[in-house]
Amino acid sequence: MKKLLLIACAATVALGAAGNPARVTAKAEEEKMPCKAAYSCDYDSGTVVYAQNETARLPIASMCKIMTLLLSFEAAEAGVISYDEQITVSENAAGMGGSQVFLGANLSYTAEQLMKSVAVCSANDSCVALAERIAGSEAAFVAKMNERAAALGAENTLFANCTGLPKDPQYSCAKDVSAMLREMIGHQKYFEFSKVWLEDFAHPDGRTISMTNTNKLIRGYEGCDGGKTGFTNEAGFCIAATAKRAETRIVSVVIGADSSKTRFAATKGLLDYAFNCYENIKVLEAGKSLEQKLTVSGSKVKEVEIYPETALCVFGKKGNRDGLSVEYVLPETCKAPIAEGDEVGCAVLYKDGVEVMRTRLLSAQTAERYSWWDALRESARNWN
């Protein structure tokens, strides 16, 4: 295999106004956020943009429902439940206090209805109904929540219930919440729920209540399409949110703000700073043919175009491509036959000599093997 090295042009672009990103965080690296803990990072790579008291063990209120939803999506994808199945609500679930959609005991609702009500209006009764259906009891479900948190590397998280209502011992931290949200939003079904602003919830007994999204940034911040709020007297005002602009998705967490207004302002500040100063730099575009071609032997086609299967991107300061390089790993010559879409090599993205990611290189064309007659004519041509 030969290795062809393409060095990306190094260019530093002046950030201008990006150096003063937001009201709440004029200089995010230096300023303290108006909350007990805060954290923001790139969704794809997990690269930290801002961190304040990020591993402190704190109550997180309803943000623990991120894990409840994550396990529900995973249960649906594993076939444990289906979105359209009817779930009968127990008296225990129907009797939950706090935010709720007032489920009727012994009435049945679809799993999708219950999951949507958790995502949109933080329904405690729906959380417990889902937990009991998936694991048999809320206690068994909480054990699964803690197992899943451990698998995510959430070292400063302990769940005591599936709702986030006060119960000791129960805690998490800003960094762990971001990890849970990053995992949960990997399930695209979630975005069908999270972007709902106002919707009626229909009960099988004829009642209808209105659900309003608790995440005001859905309508108040460009690119915000998901997140989870939380509030208890112990936890203060909390929010985990995500927003996407162009190729860049940011996840942010705020814990323990003193008001709802403050948590949303702090989140806007974190997101503004990230989007103003950072980006996912696309070095190779998925599906776009490269200038480099692959030499083919044993075919009338002498070379084929190649393209990356997925994009190669790296998260970093806007306009700064210093230290980026791409290595193409390809054979000197590839023998026919080659079908369009066949893997022929790989492209590896490096940052300061360290591998960031890689993607397969695929053939953009078909190169059929010589027929007997083609081979004879080629031999005669070479003889002459």
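## Exercise 1: A residue in a loop

Asn 156 lies in the loop between H5 and H6. The model under study is predicted.

Task: Determine whether Asn 156 is buried or exposed, and list the residues that Asn 156 touches.

Solution. 
- Step 1. The relative accessible area of Asn 156 is 16%.
- Step 2. Buried means under 20% relative accessible area.
- Step 3. Asn 156 is therefore buried, at 16%.
- Step 4. When residues up to four places away in sequence are not counted, Asn 156 touches Thr 55, Arg 57, Tyr 171, Ser 172, Cys 173 and Asp 176.

## Exercise 2: Salt bridges

Task: State how many salt bridges the model contains, and describe the one that Glu 74 forms with Arg 148.

Solution. 
- Step 1. The count comes to 13 salt bridges, with a side-chain nitrogen of Lys or Arg required within 4 Å of a carboxyl oxygen of Asp or Glu.
- Step 2. In the salt bridge of Glu 74 with Arg 148, the closest N and O atoms are 2.8 Å apart.
- Step 3. Glu 74 belongs to helix H1 (residues 65–77) and Arg 148 to helix H5 (residues 138–151), so this pair ties together parts that are 74 residues apart in sequence.
- Step 4. Glu 74 counts as partly exposed, at 22% relative accessibility, whereas Arg 148 counts as buried, at 18%.
- Step 5. A network of salt bridges links Glu 74, Arg 148 and Glu 183.

Task: Describe the salt bridges that Glu 112 forms with Lys 189 and Arg 207 with Asp 205.

Solution. 
- Step 1. The closest N and O atoms of Glu 112 and Lys 189 are 3.4 Å apart.
- Step 2. This pair links distant parts of the chain, 77 residues apart: Glu 112 is in helix H3 (residues 111–121), and Lys 189 is in the loop between helix H6 (174–184) and helix H7 (190–194).
- Step 3. Glu 112 counts as partly exposed, at 24% relative accessibility.
- Step 4. Lys 189 also lies over the face of Tyr 83, at 4.8 Å from the ring centre.
- Step 5. For Arg 207 and Asp 205, the closest N and O atoms are 2.9 Å apart.
- Step 6. Arg 207 is partly exposed at 32% relative accessibility, and Asp 205 is partly exposed at 43%.

## Exercise 3: Nonpolar cores

Task: Identify which residues of the largest nonpolar core touch the most other members.

Solution. 
- Step 1. The largest nonpolar core has 66 residues, of which Met 63, Met 145 and Ile 255 touch the most other members.
- Step 2. H1 supplies the largest share of this core, eight residues.
- Step 3. Among the residues that Ile 255 touches are Leu 58, Ile 60, Met 63, Cys 173 and Phe 237.
- Step 4. A second, separate core has 25 residues, including Ile 218, Ala 243, Ala 266 and Ala 274.
- Step 5. In soluble globular proteins, nonpolar side chains tend to be buried together.

## Exercise 4: Aromatic pairs

Task: State how many aromatic pairs there are, and classify the pair of Phe 73 and Phe 193.

Solution. 
- Step 1. The count comes to seven aromatic pairs.
- Step 2. The rings of Phe 73 and Phe 193 are 6.1 Å apart centre to centre, with 20 degrees between the planes.
- Step 3. Planes under 30 degrees apart count as stacked, so the pair of Phe 73 and Phe 193 is stacked.
- Step 4. Phe 73 in helix H1 and Phe 193 in helix H7 are 120 residues apart, and the pair links distant parts of the chain.
- Step 5. Both Phe 73 and Phe 193 are buried.
- Step 6. Phe 73, Tyr 190, Phe 191 and Phe 193 form one aromatic cluster.

Note on methods:
Residues numbered from 1 in each chain as written. Predicted model: local features only at pLDDT ≥ 70, side-chain atom pairs only at ≥ 80, totals over all residues. Heavy atoms only, no water. Helix = DSSP H or I, 4+ residues; strand = E, 2+ residues; numbered from the N terminus. Buried < 20%, exposed > 50% of the residue type's maximum accessible area, 1.4 Å probe, protein only. Core = buried A, V, L, I, M, F, W, Y, C linked by side-chain atoms within 4.5 Å. Contact = heavy atoms within 4.5 Å. Phe/Tyr/Trp six-rings, centres within 6.5 Å; stacked < 30°, edge-to-face > 60°. Lys NZ or Arg CZ within 6 Å of the ring centre and 35° of its normal.
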